[in-house]
Amino acid sequence: MKAKLILNKDFEVGIIDERIYGSFIEHLGRAVYNGIYEPTHETSDNQGFRKDVTDLVKKLNVPIVRYPGGNFVSGYNWEDGTGDKNKRPRRPELAWRTIETNEVGIDEFQEWAKRAGSQVMQAVNLGTRGPEEARQLLEYCNFPKGTYYSDLRRANGFEEPFGIKVWCLGNEMDGPWQICAKTAEEYGRIACETAKVMKELDPTVELVACGSSNLWMPSFGKWEATVLEHTYKYVDYLSLHNYYNNTAEDTPTFLACSLEMDKFIKSVVAICDYVKAVKHSDKTINLSFDEWNVWFHSNEQDKKLEPWTVAPHQLEDVYTFEDALVVGCLLITLLKNCDRVKMACLAQLVNVIAPIMTENGGAAWAQTIFYPFMHASNYGRGTALTPVVICDKYSTGKVKDIPYVETIGVLNEEKTALTIFAVNRSLEEQVDLVIDLSDFVNAKLIEHLVLEHLNLKAVNTATDPDNVVPHLNGITKVDREEAVATLNKHSWNVIRFAI
Ligand code: AHR
């Protein structure tokens with residue numbers, strides 16, 4: 001098959017906000033305990049953080065990490081996780097039916113984030129709690145000194161404020177599974193009042209209101225409009241969450257789920273702009289896609305979990321090679337919408353539906369999905385160029401007109417490198433992708449990285465961590481104004497040019 005990609009340096013989607021390469025750590029399963037934190041592990045530092053895990057996180061170059069939930073946050077008392085570790089309460093945690101020891105909390109997570117080179121995206125509890133507790137938490141984190149909560153932080157050993165910039169106003173408040181779920185009216189009101197007091201205390205913060213828990217929620221659309229009608233003046237972003245699965249064992253359809261993500265984003269943009277018009281506002285609300293990933297492998301296993309244990313093996317999806325292709329398509333889709341998607345969080349980061357896995361007391365390794373994320377996060381910064389793609393399409397019983405090639409070009413900030421990300425969705429055929437370089441004459445190939453495997457279900461494990469890893473032997477031939485990249489069947493490709 002042949003396909004063509006035309007790029008022009010003046011045709012931009014937009015400047016990529018690096019925070020679209022965010023991720024997420026929830027107090028859930030082994031994300032925190034025996035994930036990032038395991039004081040008895042041989043690589044752990046003086047605060048109990050595993051260095052082997054932090055090193056892998058650093059390779060992903062994650063600028064922002066959402067914390068502490070997720071569903072967990074809707075029942076969380078943030079004070080439980082501060083002060084003397086020996087006095088912290090053990091509590092039954094209702095969202096995931098585990099025991100929370102509170103050994104790690106707000107203070108420790110700040111310390112971990114520093115080690116990982118990340119900012120924290122802090123979520124507040126709008127389930128069992130409300131505006132006052134959110135305000136107190138903000139005072140604890142960001143107020144310099146001389147007030148009750150800022151002085152409590154200082155007494156706990158943190159003289160300097162944490163300076164947390166991005167705050168999520170609750171989590172998935174439309175979901176019946178959420179602790180103290182709300183109607184759109186109820187949530188809109190409480191989110192508005194919480195936002196007001198938070199911005200009053202610290203006008204520099206950026207606030208994210210909850211959108212729908214996924215595209216298929218019965219209240220989708222109306223939820224977004226109602227919430228924004230209440231909060232428009234005070235919030236900066238609206239959240240989107242969506243997880244994708246191949247429970248139907250239908251890979252051609254699964255590979256097309258990024259088209260659904262694209263539709264979801266465009267629908268939410270339209271709703272934000274509808275409320276903008278209705279309010280005659282000059283302000284634009286952007287999007288925070290702060291939970292996205294593939295999630296389904298662990299569903300059956302999780303039904304058998306014993307409740308009320310500490311750090312169970314929960315939501316531990318073992319990702320296949322085809323999942324990595326899907327993650328690649330989803331990353332390209334976020335880039336294609338970077339004019340409005342300013343933040344996004346791969347959910348999650350360690351052990352829980354994550355690119356990084358650990359054994360208790362043992363190894364840490366990269367899952368298949370680690371690689372497309374690492375490539376995009378490291379090479380996909382700068383300006384996203386509008387991709388004009390000419391290629392064949394296929395249809396399945398469920399989705400029509402799926403392009404075989406999903407692709408985008410990114411110009412780095414210094415305008416010295418052009419990177420093309422491309423997935424060939426065909427399960428049978430190689431695609432020769434002709435890249436029109438007439439706007440980048442004399443571009444020189446730096447490398448063509450490929451992630452491929454003959455077995456779509458191939459995985460990485462503790463004993464075979466390098467079963468699915470990228471190689472550098474991709475073939476791209478460059479002529480003066482054109483390059484031809486060979487995209488092997490079902491492959492993820494990163495083609496980098498010096499320009
Ligand atoms: O990421 C796992 C869970 O998925 C989160 O806690 C919740 O927000 C979503 O439903």
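These legends describe close-up views of a predicted model with its ligand.

View 1. The ligand sits in the largest pocket.

**View 2. Polar side-chain atoms at ligand oxygens.** In the side chain of Glu172, an N or O atom is 2.7 Å from an oxygen atom of the ligand. For Glu291, a polar side-chain atom also lies 2.7 Å from a ligand oxygen atom. Asn171 places a polar side-chain atom 3.0 Å from an oxygen atom of the ligand. On its own, the ligand has 280 Å² of accessible area, and the protein covers 95% of that.

**View 3. The salt bridge of Arg19 and Asp17.** The side chains of Arg19 and Asp17 meet at 2.9 Å, N to O. Asp17 has a relative accessible area of 18%.

**View 4. The salt bridge of Arg88 and Glu108.** A salt bridge joins the side chains of Arg88 and Glu108. The N to O distance is 2.8 Å. Side chains of opposite charge can pair when their charged atoms come close. The structure holds 32 salt bridges, among them Arg88 with Glu108 and Arg19 with Asp17.

How values were computed:
Residues numbered from 1 in each chain as written. Predicted model: local features only at pLDDT ≥ 70, side-chain atom pairs only at ≥ 80, totals over all residues. Heavy atoms only, no water. Polar contact = N/O pair within 3.5 Å; in protein donor to acceptor, adjacent residues only side chain to side chain. Areas by Shrake-Rupley, 256 points an atom, 1.4 Å probe, with all protein chains shown as cover. 1 Å grid on protein atoms, 1.4 Å probe; cavity = no way out; pocket = protein on both sides within 12 Å on 5 of 7 lines; lining within 4 Å. Sits in = over half its atoms within 2 Å of the grid points. Salt bridge = Lys/Arg side-chain N within 4 Å of Asp/Glu carboxyl O. Buried < 20%, exposed > 50% of the residue type's maximum accessible area, 1.4 Å probe, protein only.
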